[in-house]
Amino acid sequence: MKIDATQPLEYGTEENRNRIFGFWLFLGAEIALFATLFTVYIVLANRFASGPSGAEIFEITPVLLETFLLLTSSFTIGLAVHAMRLGLKKQMMMFMIITLLLGAGFLGIEIFEFFTYVHEGVTLSTSAFSSSLFTLLGTHGAHVTFGLLWGTAILIQIKKHGLDHSTANKSFIFSLYWHFLDVVWIFIFSFVYLKGLM
Amino acid sequence: MKWDEFFVTGEPLIYGAMVSIVLASLAILFGLTYYKKWGYLWREWLTTVDHKRIGVMYILCALIMLFRGGVDAIMMRAQTAAPDMKFLDGQHYNEVFTTHGVIMILFMAMPFIFGLMNVVIPLQIGARDVAFPKLNAISFWLFFAGAMLFNISFVIGGSPDAGWTAYFPLASIEFSPTVGNNYYSLALQISGIGTLLTGLNFIVTIMKMRAPGMTLMRMPMFTWAVLITCVIIIFAFPVLTIALLLMLFDRVFGSQFFTMANGGMDMLWANLFWVWGHPEVYIVILPAFGIFSEIISTFSRKNLYGYSSMVLSMVIISGLSFLVWAHHFYTMGQGAMVNGFFSITTMAIAVPTGIKIFNWLFTLRKGRISFTTPMLYSLAFIPIFTIGGVTGVMLAMASADYQYHNTMFLVAHFHYVLIPGAVFAVIAGFHYWFPKVFGFRLNEKLGKLAFWFIAISFNVTFFPLFFLGLKGMTRRTYTYSAETGFGPLNMLSMVGAIGLAIGFIILVYNIYWSTRYEPRDKTGDPWDARALEWSTPSPVPVYNFAVTPKVKGRDAYWFSKKNNEPLSDEKITKIHMPSNTGKPFILGIAFFFLGFFLVFSWWIPSIIAGIAVLIIMATMSFDRNNGYYIPVEEIVQTEQKLRGDTV
Amino acid sequence: MIKQLFPIKHVAGYISSLVLSAVALVVLLDMPAASKMAILFVTAILQASVQLMLFMHVGESDNKKSIYINIAYALFVGLVTIFGTLFIFVWGWYS
């Protein structure tokens with residue numbers, strides 16, 4: 001393993017650089033994936049049949065709260081990577097734990113939101129609109145859930161092995177994933193909720 | 001799900017298949033135990049991360065799937081060979097054409113290409129392995145899990161029967177109540193994830209692992225073709241992932257995406273399917289263009305004509321491939337503006353493809369052509385593929401397509417594109433690179449015999465279908481009356497299908513014969529070829545290159561041979577290699593069961609299998625195995641043994 | 001320590017993303033639909049760029065050219081899928 005000391009830890013070996021590059025490619029695939037979900041949602045958004053429309057069920061307050069939590073978590077994971085580059089293991093872990101807690105808070109509100117919809121009689125099978133809404137939000141939520149599990153696994157590894165080429169690389173890639181989920185949320189916020197409410 | 005519906009019953013053909021599956025499995029288990037090969041199988045194959053072995057496993061699976069898909073094809077041709085045939089009933093015929101299509105595209109053509117890619121790409125760019133060897137093994141085992149899941153459908157639960165395109169509303173739970181289309185959705189989903197990971201892996205490999213001196217414009221054409229193919233893969237497959245997910249939701253959870261009521265839109269499925277489906281065609285065909293470029297250049301003893309225009313035309317094709325999908329459903333109801341747009345983009349693809357055809361012809365011009373088996377396939381490809389391409393332009397014209405749509409003319413067209421474009425290519429590549437992997441060539445005499453059978457029978461099988469289509473015979477009809485006049489041409493097509501079967505049997509027999517009798521190749525370069533893979537000894541040692549070659553131009557190995565310059569003057573040093581691991585295989589098994597339980601909506605087993613998948617992935621993340629080193633003495637010994645000389 | 005842990009670039013990015021989200025909320029007020037859509041597009045794209053440039057360090061890698069091409073291609077495919085589908089089913093539908 002050739003080690004390049006002039007680079008940050010996460011870029012330090014050839015394999016690490018390949019992984020970061022590969023993950024960027026994966027994010028490209030994720031863009032295509034979410035674009036397809038948006039396609040489905042945009043085409044079906046007005047086809048709510050006898051069920052309610054978006055304007056009737058969306059509420060702005062929980063959405064704003066979700067947005068705030070996710071934007072803040074994106075900020076803190078950025079700080080975690082910054083701390084990691086300064087070699088501050090403790091602070092880095094702290095920022096990462098905050099990130100995961102904010103993510104869990106986001107997920108909690110989203111689950112609550114889903115329960116509210118179901119309570120109002122809007123389920124996956126109500127209309128083409130509700131199907132596409134639940135699937136788009138659910139896929140994003142599933143990504144966040146996976147991120148929580150993945151982030152926890154990385155935290156355990158940092159605790160066990162400290163910040164080395166392997167754990168730093170994983171943390172950096174995780175941060176890319178988390179920022180990406182934030183970007184997707186921005187588009188959901190704008191083109192699902194705000195567009196539905198306007 | 002009632003238990004008496006679990007196994008498919010009532011069909012003598014299926015009973016026969018069940019018995020032969022059980023017997024074959026028992027024979028394999030017995031053979032492995034009797035010859036004490038379990039350990040060998042586990043250590044050398046199931047846990048391998050070596051790109052060459054993974055490639056061999058892909059190709060082996062592809063050959064088995066070629067057999068399965070071929071039997072489906074023969075059954076279809078037999079059923080339609082004469083008017084009012086009673087060989088298959090309508091339901092069984094539907095299942096057979098569905099599985100034929102899915103298997104040939106996704107479980108035969110793609111793994112065959114992936115197999116060749118795996119074997120060849122790291123060797124062509126002078127690398128030790130792919131960028132992520134463990135991920136490569138995961139890709140393979142996910143593909144394998146998907147393929148097996150799809151194949152058990154015809155004995156357990158029933159095959160999908162809504163066509164390989166699985167159009168809604170036909171594929172909905174209302175009109176296809178069996179679990180068949182659940183199999184379709186999940187098997188394609190699992191193998192599709194594997195495909196996506198392969199795409200990522202090979203882009204990183206090609207972009208980052210090339211030998212020093214090999215700039216992008218010095219890469220062999222096959223490497224270029226694979227790079228562009230992988231770019232298409234990573235952007236096209238996510239669309240399929242979503243389409244299949246929505247299909248599963250509609251069928252299992254009662255969502256309303258493609259339903260006929262509550263706002264659902266059945267046409268959206270066709271739309272999403274082809275947003276993926278058309279790029280998929282190029283995923284299969286671009287590597288084939290690469291293979292032909294390698295072979296034509298090698299056996300014309302000339303460098304490839306118009307290298308940069310070859311690259312540019314592939315880049316243009318990759319962009320256009322995402323802009324043409326609506327030509328698959330001109331008759332769906334969109335306006336003339338839409339059809340006009342997609343007609344033009346479709347016809348535009350003929351331009352870069354035409355450039356490639358001319359480049360191959362100019363490569364042949366004034367070349368010293370040797371008519372080897374791989375070269376024969378490549379030469380036959382050019383005119384046959386051109387017929388497919390020209391009929392494609394006919395179909396591209398929206399107004400004319402209203403006549404051809406869903407007729408046998410279309411069936412003839414895409415077989416004329418895909419068989420020379422994909423099947424001829426993988427067979428040619430198989431013959432061409434076989435000595436690299438196994439250390440001996442396939443017999444030329446048997447190879448040529450198989451070629452003539454396949455090439456002639458192919459035309460006998462599919463040329464009549466053009467006329468049947470123009471006469472009005474629709475695709476996917478399981479029978480017709482004598483008055484239609486379709487009988488004689490269909491019978492001719494049946495004769496061709498038998499010829500094709502004979503050709504493939506000779507091809508497989510050739511593998512057996514050559515394994516036993518063909519002389520071993522000591523040079524590593526039996527074809528006097530041009531790219532770096534031929535500079536290694538055959539069979540290629542696990543580390544590929546004893547020293548990493550230095551590349552000074554295109555066709556690096558050819559010029560090192562001609563100018564008598566070694567590819568590298570550096571000393572052998574110890575080589576770092578990744579360790580074998582059984583986890584990808586176990587992950588594949590877990591995915592298989594996850595898919596199987598979801599097919600039948602058995603929720604608790606599904607959740608358990610899903611958790612197993614997550615746990616296996618977590619243990620992979622916690623794994624801190626950094627591989628091992630091969631010492632210098634061992635490399636020197638291996639090289640001496642394989643080459644019979646000192647390095 | 002605080003200064004070290006909270007670099008100005010990150011803080012500025014965070015504040016601007018909050019501000020952009022707040023700006024997007026003006027579409028809930030009364031104004032022409034076209035300007036609403038324009039505001040949503042502009043704020044969303046700006047937000048995405050903030051994440052990409054300030055937080056994801058897209059420019060620091062030695063493969064940044066490949067990464068930019070990759071993102072551009074992904075956006076090309078994504079936009080073609082969205083607008084092509086709308087073209088087929090909404091704007092260009094036979095009526």
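Is B:Glu44 buried or partly exposed, and what is its relative accessible area?

1. B:Glu44 is partly exposed, with a relative accessible area of 29%. Note that this is a predicted model. B:Glu44 pairs with B:Arg53 in a salt bridge. Their closest N and O atoms are 2.7 Å apart. B:Arg53 is partly exposed too, at 26% relative accessible area.

2. Now the wider count. Over all chains, the structure holds 14 salt bridges. Side chains of opposite charge can pair when their charged atoms come close.

3. A:Glu10 and A:Arg85 form a salt bridge, with the closest N and O atoms 2.6 Å apart. A:Glu10 sits in the segment before helix 1 (14-44) of chain A, and A:Arg85 sits in helix 3 (residues 60-85) of that chain, so the pair ties together parts 75 residues apart in sequence. A:Glu10 has a relative accessible area of 1%, so it counts as buried, the limit being under 20%. A:Arg85 is partly exposed, at 31%.

4. Back to chain B. B:Lys134 forms a salt bridge with B:Asp623, and the closest N and O atoms are 3.9 Å apart. B:Lys134 belongs to helix 5 (residues 133-152) of chain B, while B:Asp623 lies in the loop between helix 18 (603-622) and strand 2 (628-630) of chain B, so this bridge ties together parts 489 residues apart in sequence. B:Lys134 is partly exposed, at 30% relative accessible area. B:Asp623 is partly exposed at 29%.

5. Salt bridges with shared partners join B:Lys134, B:Lys583 and B:Asp623 into one network.

Conventions:
Residues numbered from 1 in each chain as written. Chains lettered and ligands numbered in written order. Predicted model: local features only at pLDDT ≥ 70, side-chain atom pairs only at ≥ 80, totals over all residues. Heavy atoms only, no water. Salt bridge = Lys/Arg side-chain N within 4 Å of Asp/Glu carboxyl O. Helix = DSSP H or I, 4+ residues; strand = E, 2+ residues; numbered from the N terminus. Buried < 20%, exposed > 50% of the residue type's maximum accessible area, 1.4 Å probe, protein only.
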